[in-house]
Every structure is written in structure tokens, then in C-alpha cells.
Amino acid sequence: LLSEDEQWQVFQTADYVNRSKEFRRAANALAEAGRTKNLDAASLGYVEVTLKCIECHKYVRSIQK
């Protein structure tokens, strides 16, 4: 839900919107892995969410230069 907040929407570019969707997909997959107590999927999901954060932060920094 946080990623749908207006303060999250720093840019309105198609790339940024797509990155936000990818982040939500990864976060939902991580939550589902937790609900089903799938430790392997949760571990991979945590890494994927973290990578999505890093990739997006790099993207935002590149635009703000």
C-alpha cells in the first residue's frame, strides 16, 4: 500500500511506474511466501525486493543529476 501513496510517486514516467509495479509484484510474492511459510521462496523474495529497491533508487538518482 505504501508504494501506491502519492508521496511514493516521485516521477510520472513510464519507466518509474513500471518499476513501482515490479516492486509491488515482488513484495506481494514475498508476503505470499510468508503466509505459506515457504522459507526458500521468502528468502528469494527478500533478495528480489531488495534488488528492486536498489535498481529504482539508482534510476531516480540518474534522473536527478
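Me: Which residue forms a salt bridge with Arg35, and how far apart are the closest N and O atoms?
Reply: This is a predicted model, where local features need pLDDT of at least 70 and side-chain atom pairs count only at pLDDT 80 or more, while totals for chains, interfaces and linings use all residues. Residues are numbered from 1 along each chain as its sequence is written, and side-chain values use heavy atoms, with hydrogens and water left out. A salt bridge here is a side-chain nitrogen of Lys or Arg within 4 Å of a carboxyl oxygen of Asp or Glu. For Arg35 the partner is Glu32, and the closest N and O atoms are apart by 3.1 Å.

Me: Where do Arg35 and Glu32 lie?
Reply: Helices are DSSP runs of H or I with at least four residues, strands are runs of E with at least two, and both are numbered from the N terminus. Arg35 and Glu32 are 3 residues apart, about one turn of the helix, and both lie in helix 1.

Me: Why does Arg35 count as exposed?
Reply: Buried means under 20% relative accessible area, exposed over 50%, and partly exposed in between (1.4 Å probe, protein chains only). Glu32 counts as partly exposed because its relative accessibility is 38%. Arg35 counts as exposed because its relative accessibility is 58%.

Me: How many salt bridges does the structure hold?
Reply: Besides Arg35 with Glu32, there's one between the side chains of Asp15 and Arg19 at 3.4 Å, N to O. Asp15, at 34% relative accessibility, is partly exposed, and so is Arg19 at 23%. The total for the structure is 4.

Me: Which residue does Glu48 form a salt bridge with?
Reply: The closest N and O atoms of this pair are 2.6 Å apart, and the partner is Arg25. The pair links distant parts of the chain, 23 residues apart, with Glu48 in helix 2 and Arg25 in helix 1. Glu48 is partly exposed at 27% relative accessible area. The partner is partly exposed too, at 44%, and its name is Arg25.

Me: What distance does helix 1 reach from its first C-alpha to its last?
Reply: Helix 1 runs over residues 14–35, so 22 residues in total. The expected span is 1.5 Å times one less than the number of residues. That gives an expected 32 Å, and the helix comes close to that, reaching 31 Å.

Me: What does the buried side of helix 1 pack against?
Reply: In helix 1, Tyr16, Ser20, Phe23, Ala26 and Ala33 are buried. They cover an arc (from the directions from the helix axis to the C-beta atoms) of only 145°, which puts them on the same side of helix 1. On the other side, Ala14, Asn28 and Arg35 are exposed. Going by contacts (heavy atoms within 4.5 Å), the buried residues pack against helix 2.

Me: What is the phi of Lys37, and where is its place?
Reply: Most residues other than glycine have a negative phi. Lys37 has a positive one, near 60°. At 73% relative accessibility Lys37 counts as exposed, and its place is the loop between helix 1 and helix 2.
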